[in-house]
Amino acid sequence: MLRYLCARWKSLSHAGAGLAFILKTQPNARIHLAATVLVVIAAILLHVSHQDWRWLILAIALVWVAEILNTAIEYLCDIVMPGPSEKVKRSKDIAAGAVLICAIAAAIIGIMVFFPYIRALF
């Protein structure tokens, strides 16, 4: 049991190191972090319902997962093909497009969730 717990802790520490690396090296990840913090603060201040929190958490997770996978794809492409390559560029562009789609969807979810709360203020 102790060996199992140690292995799980080691896995968590690797994941934490990956997240720290992304935040340190990826400007877009820092933008996502700022957006995440703003959304959470707004949701708290506006007393968002539990049902709406579920949508916000899903949207936040969607963007973070896309950004993390995009970064992983970019790094893997750079290892496999360190020099210029049209195919690698296309792979990176496609992965970035996935992040864009997720960010747009998250923005739409945010508007749909927050609009009634903001409208109620006025």
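Which helices do the buried residues of α2 pack against? I looked this up and found α1 (2-25), α3 (50-80) and α4 (86-121).

**Basis.** I note that the model is predicted, that local features need pLDDT of at least 70 and side-chain atom pairs pLDDT 80 or more, and that totals for chains, interfaces and linings use all residues. Residues are numbered from 1 along each chain as its sequence is written, and side-chain values use heavy atoms, with hydrogens and water left out.

**Helix α2.** I took helices as DSSP runs of H or I with at least four residues, numbered from the N terminus. The 19 residues of α2 (residues 27-45) should span 27 Å at 1.5 Å a residue, and the end C-alpha atoms are 27 Å apart, which agrees. The expected span is 1.5 Å times one less than the number of residues.

**Faces of α2.** I recorded Ala29, His32, Thr36 and Ala43 as buried. Buried means under 20% relative accessible area, exposed over 50%, and partly exposed in between (1.4 Å probe, protein chains only). Seen down the helix axis, the buried residues of α2 fall within an arc of 55°, so they line one face. The arc is that of the directions from the axis to the C-beta atoms. On the other side of α2, I found Ile31, Leu38 and Leu45 exposed. Isoleucine 41, also in α2, counts as partly exposed at 42% relative accessibility.

I placed glutamine 26 in the loop between α1 and α2; glutamine 26 is buried, with a relative accessible area of 12%. Leaving out residues up to four places away in sequence, glutamine 26 touches Thr71, Glu74 and Tyr75 (contact: heavy atoms within 4.5 Å). Just after α2, histidine 47 takes a positive phi of about 55°.

Methods:
Helices (H or I, at least four residues) and strands (E, at least two) are DSSP runs, numbered from the N terminus.
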